[in-house]
Amino acid sequence: MRNPSTLHSAFPDAFPHWAALGRFGFEVGAIALLISLRWLFSGNMGSANEVDVLPLARQAADPTWIPQDWYLNQPAGYRLLFAAIFGSMASAWGFLATSLVGRLLCYLLIGSGLVALRHTLKLNLLPLLLAVGLFFDLDQYTFWRQGIAAGEWLAQALETKVLAYGFVLWGISFLLSGRYLGMAVMLGIATSFHTLVGGWAFVSAMLWLLLKRQLPLRPWPRNLGLIALYGVASAFSVQPVLGQLLAPKVDSPISTSYAYVFLRLPHHLNPFTWGTREWVLRLAICLVLLGLSYAMARRLPQSDPATGRAARLGLAEFALVSLISFGLGLAIAPFDHDGKFLQYYPFRFGDVMLPLSATLLAACSLQQWCSSKQASQRLKIAIALLLALLCSLQLSITAVRVSGLQSFPGKTQGFDPDLKELTAWVRSNTPQSAIVITSPFDWVGFTWFAERGTIAKFKLLPQTAQGIAEWLQRLDDLSGNQTFWADLDPRKNNSGIIRDRLRTGYRKLTTSQAVALMGKYQASYMVTVAPQRLELPIAFQNERYRLYRRPD
């Protein structure tokens, strides 16, 4: 058997390659670990959208799971790739294991994109780890968020957009290093996973190239080839985009775009609901950091590509370009009374791209400022100590979260012990084909845990115009036909009013209304809180809930 030195002399190029690959994997793992300490065990199948997207993915992979549930059998749309990857996993492993494994895969993908950006920016590993730790952890201790104002985030729960952002980071790295074909492929894949994340990223990249004059109008075949390559890579987004653009007009009491923007998602899409103080302060801090980092980068020598000067300047400029759609959304919002433009999430990409770029470039500036050997050593020690402190604080929080998963699903998932007992009874003692009427606002996890169909939930919003119109009607039926969206001011945050109307309307349903609902939706059972009494046979009850059975 040859010794290592003999192997090295026989294959001189192989060992550096594997060593580089190993270093890359180590760096990706370190970043994924930092993100995992913050988010891996936080709110699994809870208030984030996992309670929405994972049951949808499982139903798409296994249509026999809950075939009678209206929402779960909506078209997969832009979530097709996500469902193909995680649907079978959820069916085989369950939702908790899928959430944990899926999140970890997402964090590794995000980490790989950040490491690629690190090499493009010539940023050392320790400053990058500090930037990652602060970017993802500060929301627990300060008013800092991953997004400026619109509630966007880069990595948290398992969602399609996290996968998309992982490929976006790779695309930005390729963009800043002049590899435009690779950029087109990566942003196309991002668009296949999430149409709006990848789409706005590609628009921003093309605008950046045009403004930098890196993409001249001639030769035009090259430009068309770039766009065509992006189109091929984003093929999975074609059907949902065409479906949205070519959808026939639906019969609805209010426009479906109004319902989407002003009723269900104002925290993402309606600037009038954001307040002012905190998000303007975050915006100002990010712009100041970006400006200072830009000025620092300009002091680097132009003749030495090893400094990363061009890439750092380019990232700052790209972050500003990503804010064009953000500013356009702010300008149009006062006039877009139906949400026709706002429904396309103009704030999404810039909302997260600006703070991420500002954090990464601030780390670059810190590294540049401590460029001398002595200062660099002090910086390494300071960063190591700060990271150790962040990790220590996070480990104690993570330990509590891990212990809480022993009772999964629990309070984090919206299940008190009585509701858990009720849903377990329903799953074990009712036919698989049974449909259960539940509150339109509460008990969002009822369907996936009881494995029985329900009528509609305010949180679970279909992605088609026809689906939204029916969603409105179902919610209105469940809340006593009170037209819950009436008399709302779109310039205010009406989430509390809508919640109270839906809850109160459901709890005031009479016996005749309950029987009519059961008949209309072919439901066999209805869940109420204990104080709400109906003249119907009781199938199950405990201290907090009562399950009524449809009369024979």
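Trainee: Which side chain meets E317 in a salt bridge?
Mentor: K212 does, at 3.0 Å from N to O. A salt bridge here is a side-chain nitrogen of Lys or Arg within 4 Å of a carboxyl oxygen of Asp or Glu. This is a predicted model, where local features need pLDDT of at least 70 and side-chain atom pairs count only at pLDDT 80 or more, while totals for chains, interfaces and linings use all residues. Residues are numbered from 1 along each chain as its sequence is written, and side-chain values use heavy atoms, with hydrogens and water left out.

Trainee: Where do E317 and K212 lie?
Mentor: E317 is in helix α15 (residues 309-332). K212 is in the loop between α9 (195-211) and α10 (220-233), so the pair ties together parts 105 residues apart in sequence. Helices (H or I, at least four residues) and strands (E, at least two) are DSSP runs, numbered from the N terminus.

Trainee: How many salt bridges does the structure hold?
Mentor: 14. One of them joins D442 and R503, with the closest N and O atoms 2.8 Å apart. D442 sits in the loop between β1 (436-437) and α19, and R503 in helix α21 (residues 495-507). They are 61 residues apart. D442 is buried at 12% relative accessibility, whereas R503 is partly exposed at 28%.

Trainee: Which residues do salt bridges with shared partners join into one network?
Mentor: E152, K161 and R348. Take E152 and R348: their closest N and O atoms are 2.9 Å apart. E152 lies in the loop between α6 (125-137) and α7 (160-176), and R348 lies in helix α16 (residues 348-369). That pair links parts of the chain 196 residues apart.

Trainee: And those two, buried or exposed?
Mentor: E152 is buried, at 4% relative accessibility. R348 is buried too, at 8%.

Trainee: New topic. How many aromatic pairs are there?
Mentor: 25. Rings of Phe, Tyr and Trp (its six-membered ring) pair if their centres lie within 6.5 Å; planes under 30 degrees apart count as stacked, over 60 as edge-to-face and the rest as tilted. F415 and F449 are edge-to-face, at 5.3 Å centre to centre and 65° between the planes.

Trainee: Where are F415 and F449 in the chain?
Mentor: F415 is in the loop between α17 (373-404) and α18 (417-429). F449 is in helix α19 (residues 446-450), 34 residues apart from F415. F415 is buried at 5% relative accessible area, and F449 is buried at 14%.

Trainee: What about W425 and F540, which kind of pair is that?
Mentor: Stacked, at 5.3 Å centre to centre with 25° between the planes. W425 lies in helix α18 and F540 in strand β3 (residues 538-541), so the pair ties together parts 115 residues apart in sequence. W425 is partly exposed at 23%, whereas F540 is buried at 13%.

Trainee: Which residues do ring pairs link into a cluster?
Mentor: W65, F95, F408, F415, W448 and F449. R427 also lies over the face of F449, at 4.6 Å from the ring centre. For that, NZ of Lys or CZ of Arg must be within 6 Å of the ring centre and within 35 degrees of the ring normal.

Trainee: Now α14. How many residues does it have?
Mentor: Helix α14 (residues 277-298) has 22. Its first and last C-alpha atoms are 32 Å apart, close to the 32 Å expected at 1.5 Å a residue. The expected span is 1.5 Å times one less than the number of residues.

Trainee: Which of its residues are buried?
Mentor: W279, R282, C286, L290, S293, M296 and A297. Seen down the axis, they fall within an arc of 125°, so they line one face of α14. The arc is that of the directions from the helix axis to the C-beta atoms.

Trainee: What covers that face?
Mentor: The cover over the buried residues of α14 includes α15 and α16. Contact means heavy atoms within 4.5 Å. On the other side of α14, R277 and L292 are exposed.

Notes
Buried means under 20% relative accessible area, exposed over 50%, partly exposed in between (1.4 Å probe, protein chains only).
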